[in-house]
Amino acid sequence: MNDSVMGMFIAVGCGLLCAGLGGYMVATGNPSLLHDYHYATTPLAERPALARESGAGLIITGVGCALMGLAVTLGIVATVAGITFLVAGIAVALSAIIRHNGSLMSFAPAPPETLPGSARRARRSTIQGAALGVVLSLVSIAPGVYMIVTGDVSMLHSYHYATIAAANLPAFSVAEGLSMIVMGIGLLLCFIAGGRMTARPIPRWAKIAMALGCIVWCTGLAAMLIAIVSFGGSLS
């Protein structure tokens, strides 16, 4: 069995698993498959709706993942459709959480006795989140900058660029590098917001930054995948 076929089976399997979990949430209205901070401040009466809506997003995401795996046999149409479904499914799930929970991450209100010093803890947790975000985002940003500066795409899997014409590789490296930088920026925003969300009260800016970070990261991922296909490469 070659790598392409193995990749197809893995992608389809992940898609089916994701869709199955989503189907369970839609059928039962049980949000427990989500992290508890995704529904901690969601009113009990709204939790079944949250589960069904986010479950629908998981089903769409699973379909997208499976279609991307089937691109080996169905071609570019399946790839484009898969990316579209994947991004749309993630958007549906995240929007459902934000709408019902108020933010992607929320926690029960802090007891009154823990409130003294909360401003200091908030600053500390924000700085810690930012520091961790800088380190982790560099894992994406540094290779992106390297590819833009050098035109070297060897950091990608070989099947991503093996079929791309040599004359197009410099432009391809810039597109992939920019996409990775965007993903790194999205990750940094998420960690800054996540650090602040561990303290009380959670300000609106942290909720907005978390949502924006997720959108930016998904945009970078979509751009990376679309660039591979657009330049004639393969996703698997």
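A residue is called buried at under 20% relative accessible area, exposed at over 50%, and partly exposed in between (1.4 Å probe, protein chains only). The model used in these exercises is predicted: local features need pLDDT of at least 70, side-chain atom pairs count only at pLDDT 80 or more, and totals for chains, interfaces and linings use all residues. Residues are numbered from 1 along each chain as its sequence is written, and side-chain values use heavy atoms, with hydrogens and water left out.

**Exercise 1. The charged residue R47**

Task: State where R47 lies, and find which side chain of opposite charge is nearest to R47.

Solution. Step 1: locate R47, which is in helix α2. Helices (H or I, at least four residues) and strands (E, at least two) are DSSP runs, numbered from the N terminus.
Step 1: look for a partner. Lys and Arg count as positive and Asp and Glu as negative; His and the chain ends are not counted. A salt bridge requires a side-chain nitrogen of Lys or Arg within 4 Å of a carboxyl oxygen of Asp or Glu. R47 is buried and has no salt bridge; E46, the nearest side chain of opposite charge, is 9.0 Å away.
Step 2: check the backbone. A polar atom of the R47 side chain lies 3.0 Å from the backbone oxygen of T42.
Step 3: list the contacts (heavy atoms within 4.5 Å). With neighbours within four places in sequence set aside, R47 is in contact with G29, P31, Y39, A40 and T42.

**Exercise 2. Salt bridges**

Task: Determine how many salt bridges a search of the whole structure finds, and name the side chains that meet.

Solution. Step 1: side chains of opposite charge can pair when their charged atoms come close.
Step 1: the search of the whole structure gives one salt bridge. R99 and E53 form a salt bridge through their side chains, at 2.1 Å from N to O. This pair links distant parts of the chain, with R99 in helix α4 (residues 76-101) and E53 in helix α2 (residues 47-69), 46 residues apart.
Step 2: classify both ends. R99 counts as exposed because its relative accessibility is 52%. E53 has a relative accessible area of 26%, so E53 is partly exposed.

**Exercise 3. The length of α8 and what follows**

Step 1: F231 and N168 are 63 residues apart along the chain, yet their C-alpha atoms are separated by 7.3 Å. Not counting residues up to four places away in sequence, F231 touches I164, N168, A171, F172 and A175.
Step 2: G232 also follows α8, and its phi is positive, near 95 degrees.

**Exercise 4. The whole protein**

Step 1: among contacts between residues at least 6 apart in sequence, 71% join residues at least 24 apart.

Conventions: A polar contact is a pair of N or O atoms within 3.5 Å; within protein, one must be able to donate a hydrogen and the other to accept it, and residues adjacent in sequence count only if both atoms are side-chain atoms.
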